[in-house]
Amino acid sequence: MPATVSFTIDTPHGPRPATVAYERRGAGEPLLLLHGIGHHLQAWHPVMDVLATAHDVIAVDLPGFGTSPALPEGVRYDLEGVVPTLAALCTALGVERPHVAGNSLGGLLALELGRQKLVRSVTALSPAGFWTDGELRYVVTALVALRAGARSLPLPAVRRLSRTAAGRAALTSAIYARPGRRSPEAVVAETLALRDCPGFGGTLKAGPVRFTEDVPGMPVTIAWGDRDRLLLRRQGVRAKHTVPGARLVRLRGCGHVPMNDDPAQVSRVILDTTHALV
């Protein structure tokens, strides 16, 4: 079970407590892992043990997702609200300038942490924020449909679907290239995480964030699954133009959430980044 830590953040109503759930394992330089919208920290389980051989790995449920409570009233689910919360989380955990790896929404947050020089290196896996207007409309429509599907299915139906490869594909093929590899238990858990997360609506309402600034002075890797159906891989080229010093990596055979599709490939990309020199 994840542990929790509480700390104080600034809000429009004054200082308020925030609580974040996390799992921590390994030793070495700290490495913060950030999941995408509607997901939870368990998305990182396929790679955590490998990463923990080299790092003090901290996988978190972002505020309003997984088992982390919603942000305090008045704090928006945008970069200005979430990034300071993550910085306060690191302080509460006794961590100074960790490496960071993030997927999708977590990748966008990781890049902003890098831009603000709050981390040592950035690995962004299919990060949000490099879309055209049309691509943004597509991804919002897809996310809303995925959420509606998760909320419409009774738990017995989710469990029944999770027991077969075809059922797991029906539930998760939008984000995995190899959905049959997910365990039934994992598919049930992440479907419930998508159904129940209080931060989903607030994140969508935060607006069409685009990442438009460079992240100089640290190793940055932007990696994209070549079978990503949610954020198409051509967005990686735009990301490379925005962050010209970044290493752009193609994750062969991987979908939008690549950690389960190819744990070895994703672990290698992250460790290559955390051990790189500027």
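Student: Which residues line the largest cavity?

Tutor: Rolling a probe the size of a water molecule over the atoms shows where empty space is left. Here the largest cavity is lined by Ala18, Thr19, Val20, Pro63, Pro69, Ala70, Leu71, Pro72 and Thr85. (A cavity is a set of points on a 1 Å grid over the protein atoms alone where a 1.4 Å probe fits but cannot get out; lining residues have an atom within 4 Å of a point.) This is a predicted model: local features need pLDDT of at least 70, side-chain atom pairs count only at pLDDT 80 or more, and totals for chains, interfaces and linings use all residues. Residues are numbered from 1 along each chain as its sequence is written, and side-chain values use heavy atoms, without hydrogens or water.

Student: How many cavities of 30 Å³ or more does a search of the whole structure find?

Tutor: One. The largest cavity holds about 30 Å³ of space, the volume being that filled by probe spheres set on the grid points, joined across faces, edges and corners.

Student: Which strand gives the largest share of the lining?

Tutor: Strand S2 (residues 16-26), with three residues. (Strands are DSSP E runs of at least two residues, helices H or I runs of at least four, numbered from the N terminus.) By type, the lining has seven nonpolar residues, two polar and no charged. (Ala, Val, Leu, Ile, Met, Phe, Trp, Tyr, Cys and Pro count as nonpolar, Asp, Glu, Lys and Arg as charged, the others as polar.)

Student: Which residues of helix H9 are buried?

Tutor: An α-helix has 3.6 residues a turn, so residues three or four places apart point the same way. In H9 (residues 235-242), the buried ones are Gln235, Gly236, Ala239 and Thr242. They cover an arc of only 115° around the axis, which puts them on the same side of H9. (Buried means under 20% relative accessible area, exposed over 50%, partly exposed in between, with a 1.4 Å probe and protein chains only; the arc is that of the directions from the helix axis to the C-beta atoms.)

Student: What do the buried residues of H9 pack against?

Tutor: Helix H4 (133-152), strand S7 (220-225) and strand S8 (247-251).

Student: What is Val220 in contact with?

Tutor: Leaving aside neighbours within four places in sequence, Val220 touches Leu111, Val122, Val215, Val243, Gly245, Ala246 and Arg247. (Contact means heavy atoms within 4.5 Å.)

Student: Where is Arg97?

Tutor: In the loop between H2 and strand S5 (99-103). Phi of Arg97 is near 45°, a positive value in a residue other than glycine. Arg97 is partly exposed, at 37% relative accessible area.

Student: Where is Lys117?

Tutor: In the loop between helix H3 (105-115) and strand S6 (122-125). Phi of Lys117 is near 60°, also positive in a residue other than glycine. Lys117 is partly exposed, at 38% relative accessibility.

Key. On a 1 Å grid over the protein atoms alone, a cavity is a set of points where a 1.4 Å probe fits but cannot get out, and a pocket is an open set with protein on both sides within 12 Å along at least five of seven lines; lining residues have an atom within 4 Å of a point.
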